[in-house]
Amino acid sequence: MSLFNKKKKQPEPEKKEIKQYISGAGGSVVTKSLLEGRSKLKWLFREDSGLGNGWVAFGDSDSQEYVNNAENLTVVDFNTLANIEPTVLNVFYMPVGADLEFRSDESGKYFIDTKTGQEIREPVPNPIQEAFMKNRKFLNQESYPVTFFRQLFQKDKKMEPFLVGEADFPSGEVVLADPLAYLGQEKYETHLERRIPVGSYPVELSIFRSSIAGLRIAAARLKLGDKEPVTYEIAMPKGKAKEDFGSPGIFTFFGVDAGMACFADVVTSQKYHHFVTEWYKANPGKNIYDDYFAGLLQKSFEEHPEVQRSGGDFLCWQIPEKEYHLVLFASGMGDGIYSGYWGLDADGEAVELVIPFLNPEFF
């Protein structure tokens, strides 16, 4: 038998690369007819089944008998479905309960909401991004109703006040800053005009469980006394009165660039800056978050996993070889600009200082 009569080995079909449109999109249920190209996308709905991200896709030739057979269904990453029909990316962020019909005609590709008849031709915004934008506009106003501040620290199904520890104020001059980025750098931290009595004060956090953003710190407050605030006013920077609010060049807020914030005393701030400077001298090429604070925050998480995210959201910390304590905490949705607000009693005395990070109504 000639060598030329041997059967040639057929080349294996090339595997099509799946384009990743959305990181962490989760699994979706699709019919095998759709996955294998024997049908085209027709129906798309999202259910609260506890399976993947809840999206389910059927093809135009799928009968009721066909979809009732579990063997005709499979779970794939949502990106796999998007590679079959990219238009599904427009509706990815629609909520549970969405029931859609896919259409394609001379006007283009789009979805019809079967409940309302509305055409969906543009991407539905990510609810977290939408809430974040609303929240950014909401923050840093001159004042808010007393009820807003009170609801931040009232325990209910979503909110839980949590006492972290005490912070020391040896001078009574209060500083607001991002401890990992700006604390100890006078140019970038905010020194407040109103002073508080020298002492140590508890720091309480408002732990918020959001359906779209997960566990977050909605606000933090420095508790200065037991009296109830009857009004709140924005905490003005040193040398400025509340009448200066909104004037050109007058900024009440402090910046967060490392996702953390703190209440501090000006003396504590200086001692902290000295510690950081010396730490970097002793640890060339290292990063104080990754190589120092990350381990402490992880330990904090292990001690209180029920009220913070993995990796730790807060830390009650004593500056090494110093008597002063700082309480560090995550700033709501992360980086941004935030203002403090004094809670005043009937006599106009400050009984608390609150930093709101987010409005729970948006999340």
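Visitor: Which residues does Phe-148 touch, not counting residues up to four places away in sequence?
Guide: This is a predicted model, with residues numbered from 1 along each chain as its sequence is written; local features need pLDDT of at least 70, side-chain atom pairs count only at pLDDT 80 or more, and totals for chains, interfaces and linings use all residues. Side-chain values use heavy atoms, with hydrogens and water left out. Contact means heavy atoms within 4.5 Å. Beyond four places in sequence, the residues touched by Phe-148 are Phe-138, Pro-356, Leu-358 and Asn-359.

Visitor: Is Phe-148 buried or exposed?
Guide: Phe-148 belongs to helix α5; helices (H or I, at least four residues) and strands (E, at least two) are DSSP runs, numbered from the N terminus. Buried means under 20% relative accessible area, exposed over 50%, and partly exposed in between, with a 1.4 Å probe and protein chains only. Because its relative accessible area is 7%, Phe-148 is buried.

Visitor: Where is Phe-153 placed, and which residues does it touch, not counting residues up to four places away in sequence?
Guide: Phe-153 lies in the loop between α5 (146-152) and β8 (159-169). Its relative accessible area is 9%, so this residue is buried. With residues up to four places away left out, Phe-153 touches Pro-161, Glu-204, Leu-205, Ser-206, Ala-219, Ala-220, Arg-221 and Val-354.

Visitor: How many Å lie between the backbone oxygen of Leu-152 and a polar atom of the side chain of Ser-206?
Guide: Ser-206 sits in strand β11 (residues 199-210) and is buried, with a relative accessible area of 0%. Leu-152 and Phe-153 are among the residues that Ser-206 touches. From the backbone oxygen of Leu-152 to a polar atom of the Ser-206 side chain, the distance is 2.5 Å.

Visitor: With which side chain does the side chain of Thr-31 make a polar contact?
Guide: Thr-31 is part of strand β1 (residues 27-31) and counts as buried, because its relative accessibility is 0%. A polar contact is a pair of N or O atoms within 3.5 Å; within protein, one must be able to donate a hydrogen and the other to accept it, and residues adjacent in sequence count only if both atoms are side-chain atoms. At 2.7 Å, the partner of the Thr-31 side chain is the side chain of Asp-62.

Visitor: At what angle do helix α6 and helix α7 pack?
Guide: Two packed helices are described by the angle between their axes and the distance between the axes. Axes are lines fitted to C-alpha atoms, for helices over the stretch in contact, and angles run from 0 to 180 degrees between N-to-C directions. For α6 (residues 266-282) and α7 (residues 288-303), the axes are 11 Å apart and the angle is about 120°.

Visitor: Which word describes how α6 lies relative to α7?
Guide: For α6 and α7, the packing angle is about 120°. Angles under 35 degrees count as roughly parallel, over 145 as roughly antiparallel, 65 to 115 as roughly perpendicular and the rest as oblique. Relative to α7, therefore, α6 is oblique.

Visitor: What is the phi of Glu-321?
Guide: Glu-321 is found in the loop between β16 (314-318) and β17 (325-330). Its relative accessible area is 83%, so Glu-321 is exposed. Although Glu-321 is not a glycine, its phi is positive, at about 65°.
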